[in-house]
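Dear colleague,

I am passing on the structure we spoke about, and below it you will find my notes on how its parts meet. Please read them with the model open beside you.

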There are 2 protein chains.
Amino acid sequence: MRFTPAFTGSSPELDCAPFPASVPGNIQADYIKAHPEFIRDINYGLEHRRMTELEPLTWIYKTTLDYTLSPDEKLWFVTAGIDYVWFLLLDGEEFYAHEGMFSPVELCLTDLLGERLRPGAEFAVKIHPHPMRKDAPFGRAQADMCVKPPVSYGWDWHPRAIPSGIWDDTYFETRGPGHIDRAEVRYILSPDLTRADVFVDADTRAEALFRMYAPDGSLIYEKTAAPDALSLAFSVHNPVLWQCRGMGEPALYTWELRTAKDVKTGTVGFRRTRLVMNAGAWREPEEFPKTRSVPPAQIELNGRRVFGKGSNYVNQEIFTGTLTRERYEESVRAAAECHMNLFRCWGGSGIQKEDFYDLCDRYGIMVWVEFPLACNEYRNDSRYLAVLRQEAEAIVKKLRWHPCVVLFCGGNELFNSWSRMTDQHLALRLLNAVTLELAPEIPFIPTSPLSGMKHGGYTFLDRRTGLDPFALFGSAKATAYTEFGMPGITSADYLREIIPEDELFPPEPGEDSVWQAHHAFEAWGADAWLCLPMLERFGDVSTPEAMAETSAWLQSVGYKAVFEAARMQKPWCAMAVNWCWCEPWKCAVNNSLIAYPNVKKAAWYAVRDSLRDVLGAARIPKFAWRPGETMTLVPWLLNDSPEAQGGRVSLTVTVNGEQTFVGAADLEAEPLSNAKGSPLTFTLPRDLPPKTRFTVTAVLETRDGARTENAYELVVCDA
Amino acid sequence: MRFTPAFTGSSPELDCAPFPASVPGNIQADYIKAHPEFIRDINYGLEHRRMTELEPLTWIYKTTLDYTLSPDEKLWFVTAGIDYVWFLLLDGEEFYAHEGMFSPVELCLTDLLGERLRPGAEFAVKIHPHPMRKDAPFGRAQADMCVKPPVSYGWDWHPRAIPSGIWDDTYFETRGPGHIDRAEVRYILSPDLTRADVFVDADTRAEALFRMYAPDGSLIYEKTAAPDALSLAFSVHNPVLWQCRGMGEPALYTWELRTAKDVKTGTVGFRRTRLVMNAGAWREPEEFPKTRSVPPAQIELNGRRVFGKGSNYVNQEIFTGTLTRERYEESVRAAAECHMNLFRCWGGSGIQKEDFYDLCDRYGIMVWVEFPLACNEYRNDSRYLAVLRQEAEAIVKKLRWHPCVVLFCGGNELFNSWSRMTDQHLALRLLNAVTLELAPEIPFIPTSPLSGMKHGGYTFLDRRTGLDPFALFGSAKATAYTEFGMPGITSADYLREIIPEDELFPPEPGEDSVWQAHHAFEAWGADAWLCLPMLERFGDVSTPEAMAETSAWLQSVGYKAVFEAARMQKPWCAMAVNWCWCEPWKCAVNNSLIAYPNVKKAAWYAVRDSLRDVLGAARIPKFAWRPGETMTLVPWLLNDSPEAQGGRVSLTVTVNGEQTFVGAADLEAEPLSNAKGSPLTFTLPRDLPPKTRFTVTAVLETRDGARTENAYELVVCDA
């Protein structure tokens, strides 16, 4: 029997009454809820700044044990994760210490505490302040000696707000002889994918019945096993494979292991994931003196090269302990609706609760999992490496059986100049070794990006060249676009939820500016993310509403340009993954497609249009056009589906409400391949004022009569 | 007591009397020696071709056991390596099987065989034919399922000639209670290199006395330890560090562990080796979209960035089992004399006997060790991976305590298009994990070359651009030049040792041409290594003597150009390692600096000149000059020494015996850094016939009055 009693929270350094503490949750969120005079709304104004006051505190969760044990039962304490350095106490006396928030712990309190354990005893979890390197500057570098998401130490879209506490499932359990301590189902797929050899591995001291069901619910295997370490092996012939969205169904088999007293259930998705060389990459470089080719960036799922369409999932909450399955599902469902098939789960945000991966299994979203290292030089320090090994092993064991997990990665931007890690750092060699040992069937890369991939930029106009996204990404060459960002305001009303009316307009930077604190200015470089001069160049910024609309429009246009440019670069290019999907609090401006807590921005709809698996599209060389200028437009049929596609792609241009037919192409595309037509031209009228928006529309009419539209809004610039 | 009895060799498939078999050695070499009618001289003509006839054979080494044991002793069989799939038999009955030539084996025959073991019994080692992938084409791909040097399956400078047999130290030993089963001394250096924490780890069942002596012979530590697993720890303060040649002395501490009945001795060199980012490499790339920087290629030894000057060591014998310490020492000494500090021990040739590494320790030659993988796609096959793990663990344990070993590498050209391996191949992930586990203090790279390094070409004129080495390498940019080759004939007399007089001149290609079989034609590409049209373009090829001289001259000029160009590119460039050092048999033409078995080619002397640690040099833009053309020459002071250097570098040009002073520069160079002067010009006379050789000489006069010359021979081309 499991139970999670009510806990109270307190801190010895705070002179306040104990407050209700959520388990799972975050102690800082609980404290704030109980003390609105401290922070009323962390998303409003500068209220988040008080979060730093909580950093030096020790926190204590307390409860009074209330349980009954039958003679053959023992009491256990079980946690999926407590953040970060923590201790257990009984009646005020410490009996267990732990470092690491991702390693689950199961303790037999009966054995550990003997006669001291009794109903009515006071049970406490004490959380120490997070370890921080003493000589580190204020910011993410303070996280470089712990295995904790560095994002909460402050990022260019995340306030300084470091949570701790009992963040994942945690409970007491009375366990008797019939308890199942552990059960895992893994498999090896034959090279031709027609046979899965399934291995069931479990620990229980009772007789147990194992059953497996096919995705259609039919029973396919059943066996009663003798007590003690339970080990079964059987084959599934012609298994229904798990496919990502767009490639078929994310088929899941289910299993249960049942004793007289306990049951454990789970799912299995049969799939083979590999990271293979991008098409054509073996041909480069041609010349001597030879160097190596670019490393692989092409996901192959079940033998097929899948174009990865997706987004960078970051923590969708500051207080990740408060996330529920419902909140995760809103996010994962929105990705599937957006025609995505891939989340890069960015290392800066750490690992999510189990539900997230289960939902990705079910929605067919592949997950590229990064270990919680980002933008720091994690040192070859023996204490850090020991905790990293423990945490990495826990992470791999938690995730390896999820079919959605197609790639492990050491972390974010570790090889970049601001992190200064290399292949030689023991932390990354260790992660290679741990993943090889525990999950050799899942590819591993040490960091992202690698050679050949492109990462950034994060503004509509390139900061170095001034090029717009059509021009910049249309002529780029990358094995994968692993991050690219376009900033956008969600809406003027959204801004009013965070910025006091007297600061709202015009937006001003400054140390105490709410705009700036919410990442409109100085977030990354001097003029990000608002980029007001750029907005003014292309649109109306005279009111909050007009400015928000211009910003949202450019975000939409920019993302559309890059996603489609990347798709056109297939098969050399294998992925387009924008920065970023969601956000952890209300940003004034951000690259996200989903605003906090779950608001679809205009760009989400634009990206949804651009990621349709079968799409008529136009290659457009640039964004801003002079009056009278002649445009060269190329019709494309983009096909990410595993079937051949064919149809007519027609292009029209609409200026001031007047639609002109430019031309059409009859195109046939092989499975997972594109087709393109001959260039077409259109000359803009001469009398267009600057900032006039006009539209290029690509219409696809397939042989079966289906008709889909894909529209691009462009702009007129000075003559 | 150790003893190696006389063995005889035989093969059940051969109808011949048993022949004397050398232990260690190679059974094929023994068979040839006993059967001159089969192959009289493998280096002559086409005689090597009969080697393939021996491939399908099983070989048997036999001896009659002759030993006496005192009551507390047992008989052991000990081998450092038997090539490759082998079995042990007693009186005709198999009792042990093994796969792998690098894993040592120690067997207690007394325990294993019981009463069957007796003096007078027949002891045999049976060697099976090497496993080869059935569907592999004839050549190196046949080696892709075993951990064996692929070079012997045929390479562009190595005949098809695959050895096997008892190739490394192998003996019987009577062991009593005082025997020392194992002893290893390792250490951890403090970050500031002022303290070494030394760990002695040994297995013996007797009381043992451990002693350590400083490089000057003084006793610095002594302790008697109790029986059973012996473990000592102590610190050496301000240890004398092991330095590579040119950076100081290769200081070695010595140790001995002594029981009443046994003694083991060894050396320790205290040094820290790291692979760090090349100077300036963190600044690239500047632009978004960001990709990673190049991986590190700079060896840092004891905190100092050492410019790696060296060569690719390949097997110096077809029959590596016959190599002796003397043969190894000839080679290692010649490298030190050539002012080198680095051998890249090329993966295609496998791992050498212990003596090689011991000599590198003593001569201060750093060693980049490659695992025996080269130019194949080694598969993710579980049997291969299991043997690879066993062999890799043995290799790392054998080499990790040698101070000369500064880098482990997965193998040669594995990421290149002809091999098609990537970071995802489990063999390379495994090698990373094994080296991390057993020798985390030694850097590891998965293969060579990596991004940023240059590898090739192998001809005087670049095959793609036609550029000469001054032009091509003078304008290249590489973190390291890991291979570059210039072909050269050793001498006309040397050719006569391998080519019958009637074939000697003019050289002709052809399937049965001895020239071609000895790699003058079609070795690599259509016109390698002789490159006769190129020789004719620049020199006299009218007689064997003239042709050999022209060839040797261009090899010398070419190597000089590249080594000095690489030195001038310091610190971005961190290494210049030519292809190759030695050769396993008598090649007609090859890129080697040392001809088989130990003949210093003209190029060896040229390279020795170019690699002097402190050198006056001239940057010369190209090799061939028109009459009347104006040359721009830049004086350089190249300094690879750890001290500042200064002096005057004067340039002269000598044409037809007439020397002209061009100019001079007073230059000051920081430690480990170069200095360069202003460009100087010299105009050639107008009346020079083509193919006239002329000389640029750089003279360095240092402040202390030392004077060194460095001369470059260039050529006149058509006007």
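How many Å separate the centres of domain 3 of chain A and domain 4 of chain A, taken over C-alpha atoms? In this model, which is a predicted one, the separation between those two centres comes to 28 Å. Both belong to a chain A that is divided into domain 1 (2-175), domain 2 (180-273), domain 3 (293-610) and domain 4 (614-716).

Where domain 3 of chain A meets domain 4 of chain A, the contact draws on 18 residues from domain 3 and 18 residues from domain 4. On the domain 3 side, at least two residues each are supplied by strand 20 (304-305), helix 7 (469-474) and helix 12 (544-568) of chain A, and helix 12 of chain A gives the most, with six residues. Sorted by class, that side of domain 3 of chain A holds seven nonpolar, two polar and nine charged residues.

The other contact I looked at lies between the chains, where 46 residues of chain B are in contact with 45 residues of chain A. On the chain B side of this contact, strand 18 (273-276), helix 6 (426-438) and strand 26 (453-455) of chain B each contribute at least two residues, while the largest share, seven residues, comes from helix 6 of chain B. The residues on that side of chain B comprise 21 nonpolar, twelve polar and 13 charged.

With best wishes

Methods
Residues are numbered from 1 along each chain as its sequence is written. Chains are lettered from A and ligands numbered from 1 in the order in which they are written. This is a predicted model: local features need pLDDT of at least 70, side-chain atom pairs count only at pLDDT 80 or more; totals for chains, interfaces and linings use all residues. Two residues are in contact if their C-beta atoms, placed from the backbone, lie within 7 Å. Helices (H or I, at least four residues) and strands (E, at least two) are DSSP runs, numbered from the N terminus. Ala, Val, Leu, Ile, Met, Phe, Trp, Tyr, Cys and Pro count as nonpolar, Asp, Glu, Lys and Arg as charged, and the others, Gly among them, as polar. Domain bounds come from an automatic or database domain assignment.
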